[in-house]
Each structure stands twice: as C-alpha cells, then as structure tokens.
Amino acid sequence: MQAIELWAVTKTYPGTAQPAVASLSLAVSQGALVTLLGPSGSGKTTVLRLIAGFERADAGEILLTDRRVSGPGAWVAPERRGVGMVFQDYALFPHLTVARNVGFGYRGPDQAERIREVLELVALTGYETRYPHELSGGQQQRVALARALARRPVVVLLDEPFSNLDAALRTHMRLELRRILKAAGATALLVSHDQADALAISDRIVVLKGGTIQQVGSPQEIYQRPANRFVATFVGQSNLLAGVVDNEGAAVITDLGVFACRHDHAYRPGERVYACIRPDSLEMVPELPASDDPVQGTILSLTYTGQALDAVVEVRTVDGSQQLLVRLPSAADVREGQVVALRVAPEAVALVGGG
Amino acid sequence: MRTLDLDARPLQPSAAVRGQQRRSTLAAQVGGLWMRLWAGKPPGLFLALLGAAIGLSMAWPILYVVWRALWAGRARWLRLLDGRIPGLLWQTASITVTTTLLSVGIGVSLAWLVHRCDTPGRRVWRWLLAVPLMVPSYVGAVAYVMFLGPRGWLSTLLGRAPFNLYSFWGVLLVLTLFKFPYVFLIVGAALKRMNRSYEEAARSLGLGPWAIFWRVTVPFLQPAIGAGAILTALCTLSEFGVVALLRYNTFTSAIYYQMESYDRTAATVLSSVLMALTLAVLGIERLTRGRRRFHQTTNVTRRPDILRLGRWKHVALLWVLVVLALAVLLPLAVLTYWSVIGVAHGALDGRFWTFALNSIQVAGLAAVAAVVLALPVVYLRARHPSLPSVLIDKLSGSGYALPGVVVALGLIFLFNTYIPWLYNTAFLVVVAYLVRFLPQAMQYGGASLSQVSPRIDETARSLGYAPWRVLFSVIVPLILPGLLAGGALVFVSAIKELPATLILRPPGFDTLAVRVWVESSEAVYHMAAPAAVLIVLVSLLPLKWMLSRY
C-alpha cells in the first residue's frame, strides 16, 4: 500500500502566473523516509502543505493510504487527515508544558501512557513539566516531533527540520531523526534545500525544480547517476563536459578527451550528452606516457576545507579552455600556477541529457 | 542496505486523471468563486457570516446618516450650504488648524527637552506630561470654567473675568492643553527609537549641532510629527464637550443642537459634511504616510547623546513646569477644591453612587461585548487575509475616527425606525460605545494575534482540532492578555464618553459624564467636581499601558 499518492497535482497561488506545483505525480510507500529536495521556490513546501491540507490543489488528486483527501469533489479538512506536521519553527504551543504539547492531539484514555512513550522515544523523559521557552532548539524539535508522532499519524511531514540547528547539532539530529522515525515505524516526507541533509537521512530523494519532479531515486542513484544537468549541479558539485556518445556506447568523446562511462545509461551512440564528473572522481597523477592520455591543466586557485583541498584547474582545449573543480587530498603538495595531470577514476563518469 | 520496499516513485497518471477538469456544475462554480474571493483561504461559513454581521452593524449607523442626508432634499441642502455651513466650516477649520499647530509646537519642544536634553527631572516629566491626554477634555474645560469663568476663582478674586473663556481663544487654550500629549508621546517615541549613528554620521560629515538638528533630526521626526498632528486634528474635529461647554459653534455642537430641536434632517446634512472633513484629514494622513516611510537600517540602537543645555536648563525647566501647571496641576487643584466642598455638602449621596453604577454597567457591558466582537474580526483579518476580511475590518473600525454625535444620530434613526422597542433604553448607549470603541479592542487583539504564528493554528489543525476548537483552545488563551487590555481600554473610554451618552441615554439614566455636563452647565460646581474627579481617577488607570506602547 502507498502511504501517499499524488496524481497530477497542480497548485497556482493567487496573484502568480507560474504554478508552484505543476502536474506532480508521486507515490511514497509505507514506512519510507523520503526527502523533497530543491532550491527555494521549487514548490517543495507547497507539496507538503497540499498533503497536510493547508492549501487546496487546483487540479489532481491526493490519496493518503488509499483514502482520497483532495480531488474533484473531494475535500478532507486538515484535522481529519491524520497527518503529523513538524514545522521549521516547531510551532510549539507556548502556553502549554511539554507533556501537554505532546498530548494535545492524543485524546485516548491512555493519554498519559502515550505521552510517556513518545517522550521516551525522542529521549526527553523528565522534561514533561518544562515550557517550550525553557528548551533548547534541538529539544524543541524533539517535542514537535513527539507531538506529531503521539497520535500515530498516517504520515509525518517535516518542513526544513534542520535549518534552525547549528552545524554540530545538525549532524547529530540527522541520525536522531532517522532513528526516531524508523523506531516509530512512521512514513515521513521531509522538505530540505540542503543536499547533505537529504543524502544523509533519506531512503529516497525527490529532486524538485519549478514545481516539477527532476528525479526520484535513492541517495546513491541521485548522486552517481543524476538524471539531468540540474540534478548534477544541485546535488553535490559536478564538472559538466559537453560531448558525444561513442559507437559502442561505452565512452563519451569530449574536448578534453575520451572518457569511459557507466554502462547503465539510455543514450544512443552519437547522441549529444554531458559527461558529469564529480570533483572527487578526478585524481592527480604523475606525468605518464602520452598514450595514457591524462588531462593536463594549470591550478588557478586552491581552497583548503579541512577534509580536502579544492582546486580549480584550467585545462586548454582546441578552441579555448575549461575550468574543472578537483577535490585533492588535503595533504596534497601543490601550489597555485602548478601544471598537473589529472585522470578520471574508472566507472565514475555519468551521462546526463544534452538538453 | 536500505530495503527496496521503502520506496518513492514517480507515477504515470492516466490521460483521464491528467485531463480531469472540475465538473462545471453551478455548485462547483460558486465554490470556485468563493475560493477566489477569499484568496484561496476561505474561513468557515459561520465565521464569515459572523464577521460580515459585525462589520455591517458597526458601519450601519454611520452609513445610514449619509443615506438620510442624501434624501434631505435639494432645498434643505442649498439653504444649509448658503446659511450655516460656511460659518461652521470656518469656525471648525480655524480651531482645528490652530489647535494642531500649537500642539505640534508644544509637543515637539517638550519631547525634545525631556528626551534629548539634560532638563532636570526629565524622567518624571516624561510620564507626567502624558497625563492631560488621559483626562477627558470636557473635564478640563469644566475645570477652566471653575477657574477662569465668570464665577470662577480668578474672577471672584479680581472682581471681573480676566479673560473671556467663552471664545475662540478659550476653546483654543483648553483644547491645546489637553491634546498636545498626542504629539508629545509620538514624537517622544520616535526620539527614543532614533539611532545615534545618524547624528554621528552627520557630525563626521562636518555639520554643527544646530545644522544636525534641522537637517537630520527634524526630517527624521517628520513622520512622527505628522502622525501626532493628524491625531490632534481628528480629535479636535470630533470634540464635543469643550466646544459645547464654552459655547463655541463647530459642527459637533451644531449637530447636537439641531437634534435637540428635532431637526434631524438638518443634523444629517451637517454630519455628512463633518464626515467628509474627517475623511479629508485621514486622506492627508494616507498621502503623507505613503510617501515618507523611514526604516532604521539596523536593530542595534544606541541611545542618542543627551544635549547639555547649560544655563538654558532653567528656561527649559520653566517651560515644562508652566505647561504642567496649566494642564495638570491647576485643573486637578480646582476640581479637588470643589470636590471637597461638594463632599461637605453631601454630594456623595445615593444618587451619586447610582450614577457611578450606571456608568460602570454600560461601560462594562460595552467592554465585554467589544472583546467578544473583536475576536472574530481580528481573526478573519489575520488568518484569512483577502478583500472580504479587509472590508470587514474597515467596516468594524469605521466608528473610530468619527464624532460621537454622528454615531448617536445614526443610532437614533435606526432604532427609532426599525427596533423601536429598544429605543430609549440604556442598550443604545452600549451600542454607541461599541461602534466608537470596538476599534480599540480590535487594535489590542490584532496586535497580540500578530505575535502568534499561523503555524500554531496549522499545527493544531493537523493534530485533529476543528477550526473553532483551535480558536478556543489555542488562540484565545494565547491572546487573552491583549484582549483584556483592549477591553479595559474600551471600559475607560466608555466611562469618559460624553456626547453619545448625553444624546442616547433614556430619561433618568444619568452617568458620571452626564452629571459633570449637567451640573457644570448649570454652574453647580460643587456637584460636578466629585463626578469629574472620579472620572479622572478611572481615566488614569491605563496610563501605564499607554506609556509602554509609545
């Protein structure tokens, strides 16, 4: 059974010409942790608000566990959808204690028991009588999550869950969030603009741009086989080289040379494509015989990031030059202006459409 | 590795789903129109209807006055336009303009002296100078009649009145003394907000202190001065008690006397002209506010330098003390003196307490009703922003700037014509208070609601709460302090209100304000003073809130 189904959902806000979400169709299976990843204005938050029922779709249907909640002639109010919502600013009720916040939506006879249970799940046992303003940002987020989970929702929606946390807490909360959601057995749909968060936490990533889906896949798929140039540049950094697929379909011919590419692509020999090479797929090699055909270039700039040394290398081509971003080991002994030879790691070139 | 069944995948909707159009039934069309009307966020039908009903009932009396004026007939309009209106227009405009200019002069100078100069005792003066605003102007006028009038202290002392209080100059004196704090408070607040870096930047560009004042400070204060001036002008336009007590004719008093002589049609014509004047002033405000809007570039405010006045310090102090003596000390002294005499002559008898109880009853009822009615209006405005909610907000607030006499006139017409069994009951007085003071409750309620994120509402909805349960279990508890403050303000305003009470009260139903008016009109000062003092005491209650707002 699918927890969430969107069928050709379209939403245009009043007073705007461009639809925020344009004929979007997506299914999320029960228990999955899925991230909607996209830049601001890509419609990702609108998708969340449409599922929660805070906005009404202009067209299309929304189903939650096979129940039609939105569509022609069908409308289920937010309070009857059984959706748990965790907002970016957490939206804790400031006049209620932690326990009463968590129990707000759960009215069963075992309320006290359930509150205890979810607070234990989010590791906040002992905080029952605190007020929201007495908690840290990370604790507030746990309360918001506990509150959403308490009534065992069909699906939990999280809007930018990490944006209000500082860097150290953020890495920790990624793990925590995944642990809590999996322990609760919840289906979760997250919204994020940060690819690192998305790659780290998700079972599946849905990349959005301009209200339409660019690609759906596991984090590895999204990173290693981006579907188009947008995904290639938005999720991680990429060097994109214009080229043509060779006769066997096993390599791509570019201005910088011929690179062996992955075999699982759908492009025909002779088709114009882009070779997508990640900065960490390029490695520096000692000068080799000309037959091995390394790419030679001059280091324009170096940025030390701690884990690595990011170099911008300018490579001469037949008619001009191209800059490549190369991730070198942080201990690499190089300097600006130095001429280096580069080689592409085997099986590391993905092809994306030439559109 | 992550298991395959935890999946998300794109769906391929069939052509049927893609091509699905909303069926174009009548119901669907109406639904679509309703959605668009509310900008995609329609409230529940009950809330929408409730809001519309509140807005219409608040605006109805006023609109009805205009409606009746339109049917007053050409002949009557022409006669009034030829006869009364030009004179009234001149008298109203001249007193409004002079009062406003004088208030700006006094207000700005005092604000400057107590906020930016080392005037001795400035912290005390800052709040004492706000006191005259809390005292209703007609109480001030009564005090000045007791002091400067033909039978006043000074006249008795000198053997003759030193100055004819019943004149343009008398009205100007009293109005200015009790209205200038609007300018004083608003400009003072702007001075407090002003970042010293602007003046420091000017100094680094080579300007002297005097040039800085005129080229940096004054332009910076212009919006505040403008806002204070507009407020003063609006209050002067709608002022009834002072002009009527001092027998000066402006639109408000003319409308009142026209009604007393049962020429209500003429009263509607005069009211329409007065409303047009009020709208003109509001229009000026809109224009000036639209063009001049300053934003501080940072939130980091450092308190500006305090200017050392040197030997001018004493002149500054003298100026502050003169204004305080005339606007606070003298009126309170006179009223206290006559109150003591009154109490000695048994003014605090059963009748007095009946008046007080009447005041508390109608004002309390109005305050409670205002809080209840303000809630749906501010909720619609904040959570369903769209044309209808703005309209409801404006209609509900239409009584704000309008004179009490006009509101009373509209209510008399309405209740006389449509609900005669409520005519001549205290209920009418309560309704008049609501029309006039609901905007105050809306302001406070709206301000608190704007502090509550709409995400709070949405969270409660997603946790299974229907809209009305969200309102009562989350929103009301959160904004209760603001609602109560608004209600308290309505209560105080209603206790002070004179013209509508005077016109609409049923026979024999006297409030404190009415007693002050009646007794002082008949020069029975020792009977008027205790009621006036009681009103002043009640009026001073919200001073603390008022100061924290500005």
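User: In which sense do strand 2 of chain A and strand 1 of chain B pair, and over how many bridges?
Analyst: This is a predicted model. In it, strand 2 of chain A pairs with strand 1 of chain B, which covers residues 8-10. Within strand 1 of chain B, B:Pro10 has A:Leu26 opposite. The sense of the pairing is antiparallel, and the count of bridges is 3.

User: Which element gives the largest share of the side of chain A that touches chain B?
Analyst: The contact between the chains involves 40 residues of chain A and 32 residues of chain B. On the chain A side, the elements that give two or more residues include strand 1 (2-11), strand 2 (21-29) and strand 10 (204-209). The largest share is 6 residues, and it comes from strand 2 of chain A.

User: How many nonpolar residues does the side of chain A that touches chain B have?
Analyst: Sorted by class, that side of chain A has 8 polar and 8 charged residues. The number of nonpolar residues there is 24.

User: What percentage of the residues in chain A is buried?
Analyst: Chain A has 8 helices and 21 strands. Its C-alpha trace spans about 80 × 45 × 35 Å along the principal axes. Of the 355 residues in chain A, the buried share is 45%.

User: How many residues does domain 2 of chain B give to the contact with domain 1 of chain B?
Analyst: Chain B is divided into domain 1 (52-71 + 345-510) and domain 2 (83-297 + 304-328). Their centres, taken over C-alpha atoms, are 27 Å apart. Domain 1 of chain B gives 15 residues to the contact, and domain 2 of chain B gives 21 residues.

User: Which helices of chain B each supply at least two residues of the side of domain 1 that touches domain 2?
Analyst: By class, this side of domain 1 of chain B has 12 nonpolar, 1 polar and 2 charged residues. The helices of chain B that each supply at least two residues of it are helix 3 (45-70), helix 20 (404-417) and helix 24 (499-504).

User: Why is B:Leu478 classed as partly exposed?
Analyst: B:Leu478 lies in helix 23 of chain B, residues 467-496. Leaving out residues up to four places away in sequence, B:Leu478 touches A:Pro94, A:His95 and B:Val452. A buried residue needs 20 or more other C-beta atoms within 10 Å, and an exposed one has 12 or fewer. B:Leu478 falls in between because its count within 10 Å is 17.

Methods. Residues are numbered from 1 along each chain as its sequence is written. Chains are lettered from A and ligands numbered from 1 in the order in which they are written. This is a predicted model: local features need pLDDT of at least 70, side-chain atom pairs count only at pLDDT 80 or more; totals for chains, interfaces and linings use all residues. Two residues are in contact if their C-beta atoms, placed from the backbone, lie within 7 Å. Helices (H or I, at least four residues) and strands (E, at least two) are DSSP runs, numbered from the N terminus. Ala, Val, Leu, Ile, Met, Phe, Trp, Tyr, Cys and Pro count as nonpolar, Asp, Glu, Lys and Arg as charged, and the others, Gly among them, as polar. Two strands pair if DSSP finds at least two bridges between them. Domain bounds come from an automatic or database domain assignment.
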